[in-house]
Structures are given as structure tokens and as C-alpha cells.
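User: Could you walk me through how to read a few features of a model like this one? I would like the general idea, then the case at hand.

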Protein chains: 2
Amino acid sequence: MIRVNENYSRIKPTYLFAEIAARVAAHQKAHPDAKVIRLGIGDVTEPLAPAVIAAMHRAVDDEAARGTFHGYGPEQGYAFLRDRIAEVDFHARGVDVKADEIFVSDGAKCDCGNFQELLAADAKVAVGDPVYPVYVDTNVMAGRHDIQLLPCTKANSFVPSPDGCDADVVYLCYPNNPTGATASLEQLQAWVDWANAGRRLILFDAAYEAFIRTPGVPHSIFECKGARTCAVEMRSFSKTAGFTGVRCGYTVVPSELVAYAADGAAVPLKPMWTRRQTTKFNGASYITQRGAEAVYSPEGLAQTKAQIDFYLENARLVSAALAKAGYDVAGGVDSPYVWVDVKGDSWKFFDHLLAEANVVTTPGAGFGRAGEGFIRISAFNSRENVLEAIDRISKAL
Amino acid sequence: MIRVNENYSRIKPTYLFAEIAARVAAHQKAHPDAKVIRLGIGDVTEPLAPAVIAAMHRAVDDEAARGTFHGYGPEQGYAFLRDRIAEVDFHARGVDVKADEIFVSDGAKCDCGNFQELLAADAKVAVGDPVYPVYVDTNVMAGRHDIQLLPCTKANSFVPSPDGCDADVVYLCYPNNPTGATASLEQLQAWVDWANAGRRLILFDAAYEAFIRTPGVPHSIFECKGARTCAVEMRSFSKTAGFTGVRCGYTVVPSELVAYAADGAAVPLKPMWTRRQTTKFNGASYITQRGAEAVYSPEGLAQTKAQIDFYLENARLVSAALAKAGYDVAGGVDSPYVWVDVKGDSWKFFDHLLAEANVVTTPGAGFGRAGEGFIRISAFNSRENVLEAIDRISKAL
């Protein structure tokens, strides 16, 4: 008789986006003429950069002729892309990450979900609260049910300290989803020191790195001293270059990084991740990888920076409007997310904005207990819609 | 202290393709002028069909404008593709598979590797021998070390019977990689009856389905009576339409399919797979899915059929040449792989063809113990190279 992995029955159903969808649908049914503006989900809305489009057209043409056809590529990604990532995202910032430590994938969500496969089933896991649910759910699926929650509150500026954390592995995400907070170099260094002192592991999600504009805010965990012996970093082209539908991300696993066997022997994680990816993955689309390569061309860098600037201005406008209306606002700088203290029940506030302003947001309670009392507003929309939403929200508050 | 998943240390290193690469490199170094022809790895060589190329150019253009831009898509795949798959691959053949039972992915390798996550850690697994290594390695990574090997030999025409198999789950692949064998409807029905009688599961890999030309050979496990209560089927666009570099496949999980909790309760697998894919995957590239959709257009169907016909003619030519040289040959019909009984050590035969004919093949021993004594010759190459390889092989034997 075939039995199931019963850990799946312990995953909490994520009612969040389903519940939002249900409430929006009910609202639209009751008000068929209402023009609803969605500032809920974190999906990009701007078209891809012209440099990326041109590169992908060329790549499609490559696939049309025998001499330039690309079949199976290297599971870790093409050198033409890994070399550019190493150069622009790391070397240009003085950060030591080598091309052969970069693993290109079809998205950071997959890498965030899959990396735990390399770890012992009884590894103790810690995550921020509120949190991107993928970190939690993928560990529960693997049997790690007792997850330590690190409250991210106004009191700690939404960056928890490692003091008192006895986990073996921690997921950190900065700039943060959902709070929009950034961590300082000192704060990240404290986590790196904690990890090295206890032979622990940091899984650092830097999916929103491209939104950082404030000087001094770290772009990579590898800006910290000693991070190469305790950290993995995930990056994404989804928000950096609008690749949510095109699918590309990457993970950095330093050569020095080890975890430990039961007998205490150090086991390098890079060969294990190589083995995982070559066995269970077959590389990202060649066309996608050529598009990602073009992000690093002079035109691509300028065009994608302009896109991010556009979303950041949206975030600034939203932040300013909520602050003007008397709300305490976090995020919205160096991040596409505005995290608003609504001084009450987050679902009630969500319902109020939907009913009175026809604007969809995300209730903070959906991201964890410490998210209650907040809503997340996303800057991913057209300027016209953002201005209209701000106007309606201001009137409704 | 962070500990590793020690199951990884029990995966057998796959020396196969690394060893082949090393031997070919040494040969080329010793004979720098030799024009080596590769009939080893199963990667396609023909460019994508014009209908697919045109569709992908249109999809790239969709991503260039705000009104047609596609961000995050449904993790299970777009309806425009799932509907066409259900219609053409199943309904047109009288097979009952609904669009909402189809899960589009970035490739069958990923699905073959990931599906075992839904099963209990102590599930007993059976695979054919010789075998596609992904089935074995992904189970070993998950702690299932004792895998039952079902010998596929000349005596059983490379299709094992379920008699005596006491596994909870079996991986079947027909047309087979590496032997090129097909299974009859009666043979597959025996496996389905075995599975239903014992509440077991069949994971059916139909990646090479498009190569079937012989009337009566089943294209899908779901042609068998009762398969909807015991089987999952994986398909791929890699070989069907040359998508090895573009990345698309799909998995069928019938609504009726269940596995069992420890208390004997039936647990439907479709919601579990939905949960797995929505949590750990973010959908295949929109551009790729538009390309896959075009495979089902009248032009796409005709063009991809012509590609497969081309490879099948290559396989026929290779088969005939080896048979003429006095070798017992299997596969090569309804399959791109020719499986040659070399009457001796498969690595020695590999070395002989490399040294004397400058042709790269794959030694059967690399696919498992029962593969010893055979080599696999792949039909994926240009006609010119295949004819040249046949000429050289014939002289060398």
C-alpha cells in the first residue's frame, strides 16, 4: 500500500490570497461598476526592458537554426550569464563571489523552497514573523514542524536580533517581504557572527536587492565578514527586471560553506547543491538566460534601473499619502512594499479600503501573528492607478 | 550546529557521462584531427519548428507592452496550454484526462524527481534495470535506499512483469530509455491491475511517446482500464518538439488518485501535488508555454511530426546497419534509442567505437547492472553525421 508524506497534512492552508480573491470577487459582484485597483500581490506590471526583449528575440532565432540551436544547457546555468552576475552584482561592489559559486535557476521561490533538502530532517529552523510563507511551508512539508518565529516589530525596526535564537538555520530576507524594512551591515554582521560561532547556516533572500538606493544599506550578505563560511544567498530577476513571467533567479553557495555529518565531519554544501540541481533540475530556459544576460548590458542596466525607480516613486507616493493621513508607515524606501500600522484589525482595514476606496491591499495577519495590525501596500502598478488609489484611500480614511 | 541530509552521501556518483566525457577528451587530445560524432547523450539537434518559433516571438512581444504583459502565471500552467494538451494528447485518442488534471512544468525531469516528495519516506520503490538514473537518485536523496530492481532483459523483451514485485510504487518508462523498448497494452494493464489490487502507485514516464508509430502500442498509461485510480503520467516537450533548451513538460494526476495515511484513510494526490507546485514552483515561462501551445496547432503538429520522423529514420538506419553487422538490436522503432547487444563488456565496446570509428555511444553498464553487455546509440543527430557514423561503425566492426 502506498502511503503519503503525512507532513503535508500539517501545512497550514494559506487562505490569504484565496480569501482576498473571494472578498474582492464578492465586492465586485455587489458593485459591478466599481473600478478596483490592486495593490495587493507583489507582481510587476511594467513591460520588460527593450534590451531584454531584443535579446530574447535573438535567442528565439538561435533556436530556429541548426548552427545556433541550444538544447540541454548546463544545469547550473550558462557561463555567459554566471560571469556577468559575478562581475556586476558582486565584483563591482567589491564582494567576493565567483562565477562557479552561482547557480542559475527558474526562480528564487524554487531555490528558497528546495535548499532545505540538503539539511538534516531534524534541523531547527528560525524565520522572521511576519514572513514569506514559502520558508515555513517547505520546511513543514519536510517534517520540520517546530519553527522558531522571530518577531519583527516596530520595537526592533522589523529586524530581529540573533540573541536567544538557538536554531540551526535561519531565513533572513532584506529588503524584507512583507515589511519593506532593510537591515544594516551591523545587523547582518551580528547574524553572521552568530552563525559562525555556532556552526549555523543563514539562508539569505535578497530578491528585492535592486530596490536599495540608500548608501550604506548592504546589497548582499557577503558584504559581511565571514559570511562565506555560513551563508547562502538567493537572488531573483523577478522584481529586478520584471521576470515574474519569464522565470529566472540564482543562488550563491560559497566554496567554503559546510554543514556537518552526524560524526561531526564537515560536508561542503556546494557539491551537494550541484548534485541536487543536476539530478532534479535541467537548467533555466536558454531564451530566459539570454534575457537575463541582457539585464547586465549598459542599456539593460539603465532600463531596469529606470523601472525600479518608477516603482520606488510609486512607493514614495503611497508612503507619503498614508503618513499624511496620520498613519505610521514603514518600508517604501529601498523596497516596493509599504507597511502600514493600521492601529487595529488588519482584515477590517482591508475590508474598509476595499469597500470605500475599491483598493485591494494585503492584511498583515496573512503573513504571521506579528503582522496583525498592519497592511502591506504594493507599489507594483501604473502611476495613474497608484495616484488614483492614493486619492481614493485619502478620502476613505 | 547545522547537519546535512546524510542520504546524499548514499547516492552513487554517476560517473557515466563524466567518464564518457573524460574518455572522449583523452581521445581527442591524442587525435586532434579526428572528427568525433556524438550519438551518446539524448539531446535533440534539430532546430525548433517554425510554428513554435513564431509563437515565441509573439510571446516575447507580449512581454514588451503593458497591455499584453504576463507576470506570474498560474503555477499549474496556463489554461490555453492545458486545454490543448487535454484535447490533442488525450481526448483525440479517446483517453479521459481533464485539463484540470494536467500540471505544466519546466520539464519532466523535475516532475520525475519531485513527485516522490508526496510519498511516505519508507515507501518501497521499484524501477527497471537498466534505468534512467533520476528515479533512483531522487529516492535515495529522500532516504529510500532499498530500491527493487526489475531486470529488463532480452528474455522479457525489456518489459518486466509485476509478478513478485512487492513495492509500493513503481516507475515505468515506455517507450523506454535506455532500451528503446515499448510495452504492449496487455503488459501495462498487468501493472495497472497489480497496482489497483495492492493499492499501489505507478509513476509512468511517457517522455518518448511522440516516437510511437506502430498501431496498437499504447501512448498513455491511461489507455489501461483502472489507471485513473493508480497512476501518474509524466510527459515532455523535450523530445516531442525539441524543447530540451526551452524547458516544458507536464504531469497528469487524476482526480480519483489516492494514497493512504497511516490510519488507512485515502488521501487524494491531486491536491497534494497542487500544494507542492504552488509552494515550491512558480510556473513555466510564459514564452515557453506559448511555444508549447503552438506545438498543437495544425502547422506545429505537422512540423514536429516531421522532426520525429526524421529522428526515427536515423534510428532505423542505425538499427539496420548494426543488424547487418551481425548484432542483435532492440529499440530503434517507436523510439530514438537503439539498444545493441554487444556480446561482451560495454565499456570495451564503447572504447572500440571511439578509437576505431570516432563515434561516441553510451555503455549500457552506466544505466544499471542489467545494462551490461549492451550499448545505447542515440538517433539525435544530423542525417549526414548519422550516415557517416554508420559507415565508420560498419568498417570498425
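This is a predicted model: local features need pLDDT of at least 70, side-chain atom pairs count only at pLDDT 80 or more; totals for chains, interfaces and linings use all residues.

User: What kind of peptide bond runs from Tyr174(B) to Pro175(B)?

Analyst: That bond is cis, with omega near -5°. In chain A, a cis peptide bond joins Tyr174(A) and Pro175(A), and omega there is about -10°. Pro175(A) sits in the loop between β5 (169-173) and α6 (185-197) of chain A.

User: How do I describe two packed helices?

Analyst: Two packed helices are described by the angle between their axes and the distance between the axes. Here, the axes of α10 (residues 298-324) and α12 (residues 383-396) of chain A come within 10 Å and cross at roughly 5°. Angles under 35 degrees count as roughly parallel, and α10(A) and α12(A) are therefore roughly parallel to each other.

User: Which residues of α10(A) and α12(A) meet?

Analyst: From α10(A) come Asn314(A), Leu317(A), Val318(A) and Ala321(A); they meet Arg383(A), Val386(A), Ile390(A), Ile393(A) and Ser394(A) of α12(A). By class, the residues of this contact are six nonpolar, two polar and one charged.

User: Where is Asn358(A), and is this residue buried or exposed?

Analyst: Look in the loop between α11 (346-357) and β13 (359-360) of chain A. A residue is buried if 20 or more other C-beta atoms lie within 10 Å of its own, exposed if 12 or fewer. Asn358(A) has 22 C-beta neighbours inside 10 Å, so Asn358(A) counts as buried. Its phi is near 55°, a positive value in a residue other than glycine.

User: And Lys343(B), buried or exposed?

Analyst: Lys343(B) counts as exposed because 11 C-beta neighbours lie inside 10 Å. Lys343(B) is not a glycine, yet has a positive phi of about 55°. You will find Lys343(B) in the loop between β12 (337-341) and α11 (346-357) of chain B.

User: How many residues of α9(A) are buried, and what covers them?

Analyst: In α9(A), 10 of its 10 residues are buried. The cover includes α2, α3 (79-90), β2 (102-105), α7 (237-240) and α10 of chain A, together with α9 (286-295) of chain B.

User: How many residues of chain A are in contact with chain B?

Analyst: 66 residues of chain A are in contact with 66 residues of chain B. The chain A side has 33 nonpolar, 17 polar and 16 charged residues.

Definitions and conventions: Residues are numbered from 1 along each chain as its sequence is written. Chains are lettered from A and ligands numbered from 1 in the order in which they are written. Axes are lines fitted to C-alpha atoms, for helices over the stretch in contact, and angles run from 0 to 180 degrees between N-to-C directions. Helices (H or I, at least four residues) and strands (E, at least two) are DSSP runs, numbered from the N terminus. Angles under 35 degrees count as roughly parallel, over 145 as roughly antiparallel, 65 to 115 as roughly perpendicular and the rest as oblique. Two residues are in contact if their C-beta atoms, placed from the backbone, lie within 7 Å. Ala, Val, Leu, Ile, Met, Phe, Trp, Tyr, Cys and Pro count as nonpolar, Asp, Glu, Lys and Arg as charged, and the others, Gly among them, as polar.
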